[in-house]
Amino acid sequence: MLTRAAIERVVSAALTEDAPWGDLTSETLIPADAVARAALVARVDGVFSGAAVFAAAFTLTDPSIVVEQHVGDGERFAPGDTLATVSGPARAVLTAERIGLNFVQRMSGIATLTSRYVAEVAHTGARIVDTRKTTPGLRAIERQAVRDGGGHNHRFSLSDAVMAKDNHLAVLTCGGLSVTQALEGAIARLPHTTHVEVEVDRLDQIDAVLAAGVGTIMLDNFSLDDLRLGVARIAGAAQVEASGGVTLDTVRAIAETGVDVISVGALTHSAPALDLGLDIQIETA
């Protein structure tokens, strides 16, 4: 989950990167007693995400800045809608402006794209999930944006679950054990609460993996026909995940094969930033 500590860590790093020795422009041009009031305004349709992160950009710059949210995370908005207002010392508002916008535009872009995938599969039982294809250092906020868009999260990190892919299996079986034996031995060493998922890229690999008693089988880059056959072969004995090159044009048909989960790297690695603007008015004493 996106904690306050995680937000402050990420936002503080961004503010330091953007103004390591202060904001030379604002400190030179803007009177010290100037007050600013700004509105975060939508230029396009979308789903909002990043309220707490947006606010943190301003309050970490100057605690006296007040941020009011008018739209909550996960809510839809239209062009022209005011999503939040910011008021406080003009220098600080201008210093934080770009960082606040960068985060909320990125997060709202992910939430909006996710909502489109979710809508495509709403008539099925499939769950849309993200992947670890996130921006380094920003995984927590990008994962939150996926949830705000109606999607779900895959494992957060390598520490959270066992997920064996083809390279893992190649190493695991190099000593002469079968895939089933190797997986059974590995599972026996794990706590009973640890989830185990295994990736296969051919139908003929399913039975050996299924026999080991894994929790999820990922069908990677399968055709639609093979996905249907894979779902039928697994027959509820494990959760079925589809993965590999999923797009808005293909996700509906993939969901209709009967898979339980569809992992989509594009949610985080290809979501465009949403067009949101901060309209500022400056007042001087």
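A residue is counted as buried if its relative accessible area is under 20% and as exposed if that area is over 50%, with partly exposed in between (1.4 Å probe, protein chains only). The model is predicted, so local features need pLDDT of at least 70 and side-chain atom pairs count only at pLDDT 80 or more, whereas totals for chains, interfaces and linings use all residues. Residues are numbered from 1 along each chain as its sequence is written, and side-chain values use heavy atoms, with hydrogens and water left out.

F54 and F58 are both buried. Rings of Phe, Tyr and Trp (its six-membered ring) are paired if their centres lie within 6.5 Å, and their planes are stacked under 30 degrees, edge-to-face over 60 and tilted for the rest. By this rule there is one aromatic pair. The ring centres of F54 and F58 are 5.0 Å apart and the planes stand at 65°, so the pair is edge-to-face. The two residues are separated by about one helical turn, because they lie four residues apart in helix α3 (residues 51-59). Helices (H or I, at least four residues) and strands (E, at least two) are DSSP runs numbered from the N terminus.

A charge sits over a ring if NZ of Lys or CZ of Arg is within 6 Å of the ring centre and within 35 degrees of the ring normal. The charged end of R139 is placed in this way over the ring of F156, 5.9 Å from its centre.

In helix α9 (residues 224-234), the buried residues are L227, G230, V231 and I234. Viewed down the axis of α9, these residues fall within an arc of 100°, so they line one face of the helix. The exposed residues D225 and A232 are carried on the face of α9 turned away from the buried side.

Pockets were located on a 1 Å grid over the protein atoms alone, as open sets of points where a 1.4 Å probe fits, with protein on both sides within 12 Å along at least five of seven lines; lining residues have an atom within 4 Å of a point. The largest pocket has a volume of about 350 Å³, a volume being the space filled by probe spheres set on the points, which are joined across faces, edges and corners. Its lining comprises 20 residues, with T131, K133, K165, S243 and S263 nearest the centre. The elements giving two or more residues to this lining are β9 (216-220), β10 (239-243) and α11 (266-269).

The second largest pocket has a volume of about 200 Å³. It is lined by 14 residues, of which N153, H154, E197, Q239 and E241 are the closest to its centre. Two or more lining residues come from each of β6 (127-129), β7 (162-164) and β10.

Key
Arc of directions from axis to C-beta.
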